[in-house]
Amino acid sequence: MERLRDDDEYDNYIGYGPVLVRLAWHSSGTWDKNDNTGGSYGGTYRYKKESQDPSNAGLENAAKFLEPVKKQFPWISYGDLYTLGGVVGIQELQGPKIPWRSGRTDLPEDMTPDNGRLPDGDKDANYVRNFYKRLDFNDREVVALLGAHALGKTHLKNSGFEGPWGAANNIFTNEFYLNLLNEDWKLEKNDAGNLQYNSPKGYMMLPTDYALIQDSNYLKIVKEYAADQDAFFRDFSKAFAALLERGIDFPKNQPVHIFKTLDEQGL
């Protein structure tokens, strides 16, 4: 955690927190409820097939950041390491506490899920809803999970989109929802030829982000979270913890860990 705080120059001083959250999300978001394959359990991001999925471009920086932790604590599995990194990232960026359980086991390379299981950014609300059905999430959980876009920024070379979602991109807040509702968004083509929503302040939204205010049910939840950050934090904590555990059948007596932040430890 101290390295996360002290090594703050990455990505023009955004720091490593957002990319650690993205690694935790992407390593978990490959799960498919239809056959219970993929997900965080096997730590398969470490294999070339998954790490070189175009949807994972840029995540090698998070994996490299975590390697010294693996060397110091070789007993931790990669699945535990990748998910724990995201939990710490959320909490150190002033987000909610995320319940976390250890017990994932590194699986062999032939257990790596196929590419194409991670979400596209250029689709509409119907796509968003259908995509998250595969992960077994309802509308409220979907809107909560997308609130993590308050963190970090898009990079043209990685995703084909460019720009931050807001001003405070290394602080976990409900700004994503406030910006969705209040900015003057215009649909424009970026330098990669992809359409994204841009605001005069230099913020951006993916079409799948903007879809949340085009769908009446999603819009109600967006408005709720924009008005009540505590409600967003409560729902995000539950949804993100569930995402990290998709496909895992933990023993009933497996302890749940709630970690203190560096500030809470007086460090």
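This short talk covers a helix contact, a tyrosine, an annotated domain and a set of paired strands.

The structure is a predicted model, in which local features need pLDDT of at least 70, side-chain atom pairs count only at pLDDT 80 or more, and totals for chains, interfaces and linings use all residues. Residues are numbered from 1 along each chain as its sequence is written, and side-chain values use heavy atoms, with hydrogens and water left out.

I begin with the helices. Helices and strands here are DSSP runs numbered from the N terminus, of at least four residues (H or I) for a helix and at least two (E) for a strand. Helix H3, residues 17-28, and helix H13, residues 229-244, have axes that come within 8 Å and cross at roughly 55 degrees. Axes are lines fitted to C-alpha atoms, for helices over the stretch in contact, with angles from 0 to 180 degrees between N-to-C directions. H3 is therefore oblique to H13; under 35 degrees counts as roughly parallel, over 145 as roughly antiparallel, 65 to 115 as roughly perpendicular, and the rest as oblique.

Which residues make the contact? From H3 they are Val-21, Ala-24, Trp-25 and Ser-28, and from H13 Phe-240, Leu-243 and Leu-244, where contact means heavy atoms within 4.5 Å.

Is Tyr-82 buried or exposed? Its relative accessibility is 3%, so Tyr-82 counts as buried (buried is under 20% relative accessible area, exposed over 50%, partly exposed in between, with a 1.4 Å probe and protein chains only). Leaving aside residues up to four places away in sequence, Tyr-82 touches several residues, among them Leu-20, Leu-23, Ala-24 and Leu-66. Ala-24 also takes part in the contact of H3 with H13. As for Leu-66, its C-alpha atom is separated from that of Tyr-82 by 7.8 Å, with the two residues 16 apart along the chain.

An unreviewed UniProt entry carries the annotation "domain: Plant heme peroxidase family profile" over residues 76-267. That span is 40% helix and 7% strand, and its end C-alpha atoms lie 24 Å apart.

Finally, the strands. Strand S3, residues 186-189, pairs with strand S4, residues 195-198, in the antiparallel sense over four bridges; pairing requires at least two DSSP bridges. Leu-187 has Tyr-197 of S4 as its bridge partner. Five residues separate S3 and S4 in this hairpin, and Gly-193 in the turn has a positive phi of about 85 degrees. S4 also pairs antiparallel with strand S5, residues 204-205, over two bridges, and Gly-202 in that hairpin takes a positive phi near 95 degrees.

Notes. UniProt positions renumbered as here; feature names shortened; annotations may be inferred.
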